[in-house]
Amino acid sequence: MMKKKSIPASKPFLILFLCQIISALDVPLDSKLLEELSQPPTITHQSPKDYIVDPRENIVIQCEAKGKPPPSFSWTRNGTHFDIDKDEQVTMKPNSGTLVINIMNGRKAEAYEGVYQCTARNERGAAISNNIVIRPSRSPLWTKEKLEPNQVREGDSLVLHCRPPVGLPPPIIFWMDNAFQRLPQSERVSQGLNGDLYFSNVQPEDTREDYICYARFNHTQTIQQKQPISVKVFSTKPVTERQPVLLTPTGSTSTKVELRGNVLLLECIAAGLPTPVIRWIKEGGELPANRTFFENFKKTLKIIDVSEADSGNYRCIARNTLGSVDHVISVTVKAAPYWITAPRNLVLSPGEDGTLICRANGNPKPSISWLANGVPIAIAPEDPSRKVDGDTIIFSHVQERSSAVYQCNASNEYGYLLANAFVNVLAEPPRILTPANKLYQVIADSPALLDCAYFGSPKPEIEWFKGVKGSILRGNEYVFHDNGTLEIPVAQKDSTGTYTCVARNELGKIQNEVHLEIKDPTMIIKQPEYKVVQRYGQVSFECIIKHDSTLLPTVIWLKDNDELPDDERFLVGKDNLTIMNVTDKDDGTYTCIVNTTLDSVSASAVLTVVAAPPTPAIIYARPNPPFDLELTGQLERSIQLSWIPGEENNSPITHFIIEYEDGLHEPGVWHYQTEVPGTQTTVQLKLSPYVNYSFRVIAVNKIGRSQPSEPSEQYLTKSASPDENPANVQGIGSEPDNLVITWESLKGFQSNGPGLQYKVSWRQKDVDDEWTSVIVANVSKYIVSGTPTFVPYEIKVQALNDLGYAPEPSEVIGHSGEDLPMVAPGNVQVHVINSTLAKVHWDPVPLKSVRGHLQGYKVYYWKVQSLSRRSRRHVEKKILTFRGNKTFGMLPGLEPYSSYKLNVRVVNGKGEGPASPDKVFKTPEGVPSSPSFLKITNPTLDSLTLEWGSPTHPNGVLTSYILKFQPINNTHELGPLVEIRIPANESSLILKNLNYSTRYKFYFNAQTSVGSGSQITEEAVTIMDEAGILHPAVGAGKAMASRQVDIATQGWFIGLMCAVALLILILLIVCFIRRNKGGKYPVKEKEDAHADPEIQPMKEDDGTFGEYSDAEDHKPLKKGSRTPSDRTVKKEDSDDSLVDYGEGVNGQFNEDGSFIGQYSGKKEKEPAEGNESSEAPSPVNAMNSFV
């Protein structure tokens, strides 16, 4: 059974499609064949539809076409035949339809205004061009007018009207002064799209008499100037500030219609004082990213390549500190016709079917009309094979007379499209394009592909025969491809022979013979084997092959898949590779590769080098230096050097190093020239021109290098033009308008002669421009000024001297200087991940707007305010840089429950671009910090008053405070824990129903909806009774509370109070001069806390005990005090130091039950040394000790 399939496109004579042809018939791109086939005309080049010509030059209207036979050309003008023979000023180029209208002989270009259309016709049809509208450019003068001076009050708005003359095309407007300097523009003063100059508010510096509007007509390269306008600003004090008012456009709304694919420009210019700032938004949507640009200080919104999706309402808002005004511009995007499916050429055989499809879209929807050979199809000659169905023409059973060129016209009120597509019906007998008697050679058991490239119309049938009188080939052992190729999947020796390809259709038959030869495969019958050899020994690898006698094999040896070292020790024979004097570096894999024109085989083996057996000790040394150097065979660019080697000193010389000295350019400096094997004592040296050479030789063995030989005699070479050009040529701009070209200068001997200079050439890349060149002295830099910003340049630097130029240098690509980026990143989005982390995204800016090498993006972000405090603070902006074209990043270290702003800027080598609009985001709540303070005052028998401050960092909305407290008994154990929830708006609390003369420990923290914050702790003691004279200190500091004894139950205590008053006073004096250690009590059930309490002094005025004082009131203790002035307990004073529980910088401890605060009072001077006691010296204990 016959099989058919396609083969790869790399095979010769494959079928390719003609440009712009989709057909039922494939036409090979065979040049001879294409010259013989008939083809209807095709328009290949024509002038633009709207053709504005320079009235000072001849008018050239292009019309080029191709076809077989070559087409003839004719023209219509304004819909009627244009007889060029009757106008001696009009000629048509030979073999072309291009018209040349000579207006240099006095005729005016206006006489040839009109609509022109070209027709190209041959026997197979007629193609037509677009309607080409010819209009001469116009640059009229300004009308004479008397301009009155403008007197304006400071702060008022002003509009200077330009009103340029109507030209074709419209002129470019700009404002300058009498010195031809452009007038500076800003947010306050700017030029509108209509050319008028707008002042949002005038200032005294605006007074001048030379406001001049210029109109430049590019087509004729002329500039027209308006009469100077005078402006005088008079001041009135004070200057009245005004809210914004729009100068243009007027009213609250306006409309704008733009065509699809064009640039949409919307403008808003406002008056006001201070100068208003303009902002643009699109109602109900976002401004299109990457296509939106702001110009003229954001007064102009520019959207490129608009589409129907850009229709809508665009609002501009002008705002200053006094108010704002806005304007809505309703934009409608219409569309001239554009192709969905343009008609494509058809090549058919007689009797075949086909279709021409013409589909276009637009707004409004375009109408489709057909023409045949330039005539509306409704009045064109009838063709029974043709049927028109709207945007499609259906062809059935075409004949040769059906050949024609059809035109599809799609038009609406905004334009039209015209496309030519031909139907070419060909009746051609078969042709075979494969050369006759072509020889194919294939290795046995490989596939064989025999080509039979053909053409015919109708498509021929292909048959293959083996031998001259053989039968037709069929069966599974053959594959027949659609392009005529015969494939033998597994060719054998008996496949050798002559094969005949026959192509036939109803118009004829043709055949072609090709020959197939099957060759024996190449084989390696003895492969190289693994070898182990001692150092300095010899080894040989074999590679014996068998191959077809008619093929010529080549054998290549590789070491580690690379070429063999360039070393005479490697000897390649017919069937082997021998390595002499093996060294350690010869270790590796050696591969034998055998190639023929048809196949390739290879085999590999590994060589391992081992140390030689030990030998008697021999003294090795570096070789002695060579001597008796001699120069012979002197030529301009070469010379022969010979020498006699010195003693080897028991280590063979491995190689010689030849060095040279240039006595002309670098006397006394020796340079490496070359090296040769140790068996060689003569070398041919290449020389450079204009060098005064001396040579010396160094011998090298395993031990090292010898001393250099004595220098040879000197040899001065003749001068010549340079052989090479400077290296490392670069072009990098240092300013936006320059290009700095640098290179590495040639060294002295590279100059090849006197008068070394450089020819520096440059031209802008991808622009049809000539090279600009300059010759500079022997320097390494040249600066090109006046370049566009950051454009690529082709650069080359060529060396030359008094004798000529170096070879043509290679070109390198450089860039002119960078400028700051023009566009801010768009579509900035922020995703808040948690209360301290956010992720920011943005769209990359267009590369053209970067105006330099993109280095990355910078994100500026700063905290605006805390959402809980509503108070602003100094704004500290933070900056994060993201390298490369990255479009997202993380913002760490944010503060919870805060409002932030950020913007993004693109960065190039010059600096940062404009910032994106500020993006506002907020972080969620977090847990608060600890309350700022906790004070306990007004102790009574059964109550304490607590006062506190709100957290320094609430990190959210406080929901409540949590107070926990528990008593501490006489044995220092903690009692039951009580918890109280307090509203967030409270700042004090009176705790009642407490036990008298009892110490309590308090734990206090704040809460938000997220959770609880850090707590602070405090301790206090209720008093003994209502009339007691003793007020225990509240607020434990770094010292631990003293032991309390409940003596209120002792009945004799009151009776003895008066008797022991004097003793109490004496006791208190003694207590102040003693250093005592306090008792211990457990904290958090198992933790020991230790401290040295301080004795509370009596007040000097009333004899009472000292009261609690804030940290600000604490005085530093005198030398010898147990508690240092920084309110920490030094470890050397007590083995049970409180330092182990935390750092006491702020008089606080960790949340482990330690004290916060410090007992303090007016300190008396203590002695340098004092006695210590195991019991705290509190007044109560002191009195107990006297009982």
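Let's start with burial: a residue is buried when its relative accessible area is under 20%, exposed when that area is over 50%, and partly exposed in between, using a 1.4 Å probe and protein chains only. Cys-162 counts as buried because its relative accessibility is 0%. What you're looking at is a predicted model, where local features need pLDDT of at least 70 and side-chain atom pairs count only at pLDDT 80 or more, while totals for chains, interfaces and linings use all residues. Residues are numbered from 1 along each chain as its sequence is written, and side-chain values use heavy atoms, with hydrogens and water left out.

Now the overall picture. The protein has 1187 residues, and buried ones make up 44% of them. There are 5 helices and 87 strands; these are DSSP runs numbered from the N terminus, with helices being H or I over at least four residues and strands being E over at least two. As for contacts (heavy atoms within 4.5 Å), take those between residues at least 6 apart in sequence: 66% of them join residues at least 24 apart.

Next, the disulfides, meaning pairs of cysteine sulfur atoms within 2.5 Å. The structure holds 6 of them. Count the bonded cysteines along the chain and the pattern reads 1-2, 3-4, 5-6, 7-8, 9-10, 11-12.

Back to Cys-162, then. Its disulfide partner is Cys-213, with an S to S distance of 1.9 Å. Cys-162 sits in the loop between β13 (158-160) and β14 (172-176), while Cys-213 is in strand β17 (residues 208-217), so the pair ties together parts that are 51 residues apart in sequence. The link between Cys-162 and Cys-213 is left-handed, at -65° about the S-S bond. Cys-213 is buried too, because its relative accessible area is 1%.

Further along, Cys-452 is bonded to Cys-501, S to S 1.8 Å. Here again distant parts of the chain are linked: Cys-452 belongs to the loop between β40 (448-450) and β41 (454-457), Cys-501 to strand β45 (residues 497-505), and the two are 49 residues apart. The torsion about the S-S bond of Cys-452 and Cys-501 is about -60°, so this disulfide is left-handed. Cys-452 is buried, with a relative accessible area of 1%, and Cys-501 counts as buried at 1% relative accessibility.

Cys-543 and Cys-592 make another disulfide, their sulfur atoms 1.9 Å apart. You'll find Cys-543 in the loop between β49 (539-542) and β50 (544-546) and Cys-592 in strand β55 (residues 588-595), a separation of 49 residues. This link of Cys-543 and Cys-592 is left-handed, with -70° about the S-S bond. Both Cys-543 and Cys-592 are buried.

On to the pockets. The search runs on a 1 Å grid over the protein atoms alone: a cavity is a set of points where a 1.4 Å probe fits but cannot get out, a pocket is an open set with protein on both sides within 12 Å along at least five of seven lines, and lining residues have an atom within 4 Å of a point. Points are joined across faces, edges and corners, and a volume is the space filled by probe spheres set on them.

The largest pocket holds about 1500 Å³ of space. It is lined by 42 residues, and Leu-287, Thr-292, Phe-294, Pro-825 and Pro-917 are the closest to its centre. At least two lining residues each come from β24 (277-282), β25 (292-295), β27 (312-320), β72 (826-834) and α2 (847-850); β24 gives the most, with 6 residues. The lining of this largest pocket has 23 nonpolar, 8 polar and 11 charged residues, where Ala, Val, Leu, Ile, Met, Phe, Trp, Tyr, Cys and Pro count as nonpolar, Asp, Glu, Lys and Arg as charged, and the others, Gly among them, as polar.

The second largest pocket has a volume of about 1100 Å³. Of its 35 lining residues, Arg-569, Asn-581, Thr-583, Ile-653 and Thr-654 are the closest to the centre. The largest share comes from β60, with 3 residues. By class, the lining of the second largest pocket divides into 15 nonpolar, 10 polar and 10 charged residues.
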